[in-house]
Amino acid sequence: MVLPALHLNKEQVADLFTDYTKVKNNPIISEEVKTARRVMRDKFTHADMGVSGANVAVAETGTVFTMTNEGNGRMVGTLPSIHLYVFGIEKFVKSLSDARYIFKALPRNGTAQRITSYISMYTGACEVTTDKETDEKRKKDFYCVILDDPGRREILAEPDFREIFHCIRCGACLDVCPAFALVGGHVYGSNVYTGGIGTMLTHFLVSEERAAKIQNICLQCGRCNEVCGGGLHISDMIMKLREKNMKEKPDALKKFALDAVSDRKLFHSMLRIASVAQGMFTKGEPMIRHLPMFLSGMTKGRSFPAIAQVPLRDFFHTIKQDVKNPKGTIAIFAGCLLDFVYTDLARAVVADMNSIGYKVEMPLGQACCGCPATNMGDTENAKKEAEINIKGMEAEKYDYIVSACPSCTHQLHLYPTFFEEETEMYKRAKELADKAYDFCKLFYELGGVTETGDGKPVKITYHDSCHLKRSLRVSKEQRELLKNTKGVEFVEMNDCDNCCGFGGSYSLLYPEISAPILEKKIQNIKESGANVVALDCPGCLMQIKGGLDARGIDDIKVKHTAEIIAEKRGLI
Ligand code: SF4
Ligand code: SF4
């Protein structure tokens, strides 16, 4: 009565038991355990055959292991006269010494135990007494069925996916997955496993069509990778699966949209037209709160920022930069959101960089970073956008490239992977990637931490964006910057690094998952007691600010770290 019933409360268990036993069961845990024991022991003692699954199988000795907390596994293996083991070839390790690692990792990762209550091991058939009076003995019937059904060898042959076999089924990735926490295991509809790793196993072992649907549930937040006992890169494999699906069965609508975004001139023209056409929805306000008809779902629980009247690229050259004897020149990679929506945020980035002695330029040949294309598995458009930006940014002219969007920065770092090593494009991509930093990291590295600020008291909490924390591994720098600002009282919120539910187009395509994740984030923000939420991602800014606006919460502001620094230091 531990893991298999984890999603049921004691009342639901009592109802289930009442249905099954036809006797009224009370929702009292100790009584429920007694019922389970009574009913199941009867089954164990009268069964002709017990069937077990293995957590590990040792090739050298032929020993199979089952780790349990309930003890039922041992009943299955000892009471019936026939014992059958069924397990996949991936459960094999070479020696008993290798099995040790799994004994340690599985319970610690799965249920935070040092060891499970039972570890049962069987090396072939044991001798049992069949008649107590005559002391007659015989060997039990013991069989192992080792599964190597179509799919398992295929995984071994796929370099991008073979690490699936490192999975020890500890379930830790499910515990931390924001999508799984909402939808639960049944949605994955698979009888192999659920969550991100379940998606991969479903693809290879059950059905490619089913996996193609459920892989969409993944937000690409990367939390699963952080805790994986087998060291798997689950989100990367899901991304590879998306690429495979996009190549083999492209989604026409997604492809059409991504083709439009990767055409820089066309996309920018569309945004300029939208900035004019949006007037009927914004009604002069900075936020779009209601969209009509079939678009109405998009503004349910979240408002949208209006597109800027004048994009950053049109007025960047007018931003005054008073930097005497500059230490260097930084190129800003604005990304779509700073270029066409959060233009004031770009002003703050420039002011901050100027304040530590660097001039900032905006190369106008830049386009969308390609992150949406990569996220949807469209490597063709992602590569096209990489080429545009490598040529447009001309990284060789600058000391650094700064981006105030961690998803863009992460994407810039991926550029070398699109090209053959030693080619000209690879070298230019590498130079761009090596010089590209996210704002808070670069500002921190260039000496931005100083005890300055207007001293006005403000209580700030921080939301970690997924790409910044888990892809770029930046989590301390922005906190140092904020904590060293005079007047700032810094408080952590609960689950500060849980996804806000934005995930780019995810929040539009899957509002039923995105909205409750945002709700939880807002609850954590409110409970922190802060009056400002700091963050470093314009996507998270859009999601959280829009969520607070839709709920009429106007006493909590959402700001990018660059804006807070610029405001508190009187730079803008
Ligand atoms: S990347 Fe995030 S959403 Fe996707 S499977 Fe991992 S934890 Fe879940
Ligand atoms: S993928 Fe990793 S965390 Fe998830 S069940 Fe397998 S070993 Fe555990």
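Is Arg 114 buried or exposed, and at what relative accessibility? At 69% relative accessibility, Arg 114 counts as exposed, where buried means under 20% relative accessible area, exposed over 50% and partly exposed in between (1.4 Å probe, protein chains only).

This is a predicted model, in which local features need pLDDT of at least 70 and side-chain atom pairs count only at pLDDT 80 or more, while totals for chains, interfaces and linings use all residues. Residues are numbered from 1 along each chain as its sequence is written, chains are lettered from A and ligands numbered from 1 in the order in which they are written, and side-chain values use heavy atoms, with hydrogens and water left out.

**View 1. Overall fold.** The protein has 28 helices and 19 strands, which are DSSP runs numbered from the N terminus (helices H or I, at least four residues; strands E, at least two). Its C-alpha atoms fill a box of roughly 100 × 55 × 50 Å, taken along the principal axes. Of the 572 residues, 50% count as buried.

**View 2. The positive patch that includes Arg 114.** Arg 100, Lys 104, Arg 108 and Arg 114 form a positive surface patch. Patches are made of residues with over 30% relative accessible area and no salt bridge, like charges being joined within 9 Å and nonpolar side chains (Val, Leu, Ile, Met, Phe, Trp, Tyr) within 5 Å. Lys and Arg count as positive and Asp and Glu as negative, with His and the chain ends not counted, and the place of a charge is taken as NZ of Lys, CZ of Arg, CG of Asp or CD of Glu. Arg 114 itself is placed in the loop between helix H4 (96-111) and strand S6 (118-123).

View 3. Thr 111 lies in helix H4 and is partly exposed, with a relative accessible area of 32%. Ala 112 is found in the loop between H4 and S6, is exposed with a relative accessible area of 70%, and has a phi near 60 degrees, a positive value in a residue other than glycine. Most residues other than glycine have a negative phi.

View 4. Gln 220 is placed in the loop between helix H9 (208-214) and H10, and at 13% relative accessibility Gln 220 counts as buried.

**View 5. The salt bridge of Arg 223 with Asp 495.** The side chains of Arg 223 and Asp 495 meet in a salt bridge (4.0 Å, N to O), defined as a side-chain nitrogen of Lys or Arg within 4 Å of a carboxyl oxygen of Asp or Glu. Arg 223 lies in helix H10 (residues 223-227) and Asp 495 in the loop between strand S17 (488-490) and H25, so the pair ties together parts that are 272 residues apart in sequence. Arg 223 is buried, with a relative accessible area of 13%, whereas Asp 495 is partly exposed at 38%. Both residues belong to a network of salt bridges that links Arg 223, Glu 226, Lys 469, Arg 470, Asp 495 and Asp 497. The structure holds 33 salt bridges.

**View 6. The salt bridge of Arg 347 with Asp 344 in helix H17.** The side chains of Arg 347 and Asp 344 meet in a salt bridge with an N to O distance of 3.6 Å. Being 3 residues apart in helix H17 (residues 343-355), they are separated by about one helical turn. Arg 347 is partly exposed, with a relative accessible area of 35%, while Asp 344 is exposed at 52%.

**View 7. The nonpolar patch around Leu 508.** Met 298, Leu 508 and Leu 509 make a nonpolar surface patch of about 240 Å², accessible areas coming from the Shrake-Rupley method with a 1.4 Å probe and, for residues, only the protein chains shown counting as cover. Leu 508 is found in helix H25 (residues 506-509) and is partly exposed, with a relative accessible area of 41%. The C-alpha atoms of Leu 508 and Thr 299 are separated by 9.4 Å, although the residues are 209 apart along the chain.
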